[in-house]
Amino acid sequence: MDTNSVITVVGAGYVGLSLAIVLAQRNKTIILDVDVTKVSKINSGISPLVEVETQNHISSGSLSLHATTDSFEAYNQADYIIVAVPTDYSDEKCNLDTTIVEKVVKEIVACKPSATIVIKSTVPIGFTDSLQCIYKESSILFCPEFLREGTALHDSLYPSRIIVGTDLNNPQMMASAQRFVELLQDGAIKKSVITLLMRSSEAEAVKLFSNTFLALRVSFFNELDTYSEQKGLNTQRIIKGICADSRIGDYYNNPSFGYGGYCLPKDTKQLLNSFVDIPEEIIEAVIHANETRKRYIAEQIISRVDDLNYTGIKPIVGIFRITMKNGSDNYRGSPMLDIVSLLQKRNIELVIYEPIINEDMHMGVRLEKDLQAFLLRSDIIVANRLYDELEGWEQKVYTRDLYSRD
């Protein structure tokens, strides 16, 4: 196939940047972002995100990749324009905020109406069709992303599946969709990838239902862990016995303080909102279960504080990392933030160790920059995940992480 396509990716976040790298291996690729610092770093061969694989590719010099803040430069040359901008969930509107997506699409149509627009941002079911109705002369596709934080580029190079939503009755749009599938396949290292073309609303539903199922799975094993902890049972042995069944599988089963991050919290809420006037029980229960888990974890920490109070000590609870996982710079939607809030309401004395935050205070809590000082000062160390730095301090640590246990 030819490799002469010019592709623009709008948004240099985890999704946009990893996708741009995949496509820039064989195509001229432009990243458009409003953040001048991100643009400057990319053009200097520096990844603006904390991912080793991403950094290695950007600094390799082998990519046809250029970043800009100039929308005309980005749009005017492009055959395909991929929209990968944030769509945060609005609790007030009970919906994903698609304002930025709508603004970007309007700008694209005004500047380069012949370009095929591919929406990568997570959107409500039916959103792409509604845009297509507004811009009837344009080709607007939806392509859901299935990336994990911290391994976004790896997941783009080794995709679990490629799904593109389009108008199945429109030959021109079908051809554009198939061509986009080929572009993604051509950039992937994994060559045997399941590819599916479907209606845009169906592709949007795949995204929301997939992430809600993952949230359900996280919540299931967290509730199993709650039961085990309360009954004095060994969580790990129970999970191993359950997951030995190939129908269940040994993945997404490590207990945590709750699901969080960029996608799962907002996608579960958006899917629930899509069930207006449609009978459901499970989707709402997943959201409630996650809140219950965080409250339970907070109460477990408070009970340990109370035990120390009986000895006459005013305990200090150390929060070890609020990021979602090791190797990540994201703490948006982290369950640890909610746990901090719950502990604050009970007047628990807190200190946080989070090296990616440069401030002295976060959420009204002092940040300790020195790891050793943090470990010594904390009477109880709360850790969603066990990191190597906690080795030797296990007696102080409260976690539900199983990976580092016998």
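Colleague: Taking a polar contact as N and O atoms in any pairing within 3.5 Å, one able to donate a hydrogen and the other to accept it, with sequence neighbours counted only through two side-chain atoms, which residue caps the N-terminal end of α8?

Modeller: Asn170 is the cap: one of its side-chain oxygens lies 3.0 Å from the backbone nitrogen of Gln172. This is a predicted model, with local features needing pLDDT of at least 70, side-chain atom pairs pLDDT 80 or more, and totals for chains, interfaces and linings using all residues. Residues are numbered from 1 along each chain, and side-chain values use heavy atoms, without hydrogens or water.

Colleague: Which of its residues are buried?

Modeller: With buried meaning under 20% relative accessible area for a 1.4 Å probe, protein chains only, those in α8 are Met173, Ser176, Ala177, Arg179, Phe180, Val181, Leu183, Leu184 and Gly187.

Colleague: Turning to the sheet, what is the strand order?

Modeller: The open sheet runs β12-β11-β15-β16, with parallel pairing (at least two DSSP bridges per pair). β12 (349-353) and β16 (397-398) are the edge strands, each with a single partner, so one side of each has no neighbour in the sheet.

Colleague: How many bridges join β11 and β12?

Modeller: Five, in the parallel sense, with β11 covering residues 316-320. In β12, Val351 is the bridge partner of Gly318.

Notes
Buried means under 20% relative accessible area, exposed over 50%, partly exposed in between (1.4 Å probe, protein chains only). Helices (H or I, at least four residues) and strands (E, at least two) are DSSP runs, numbered from the N terminus.
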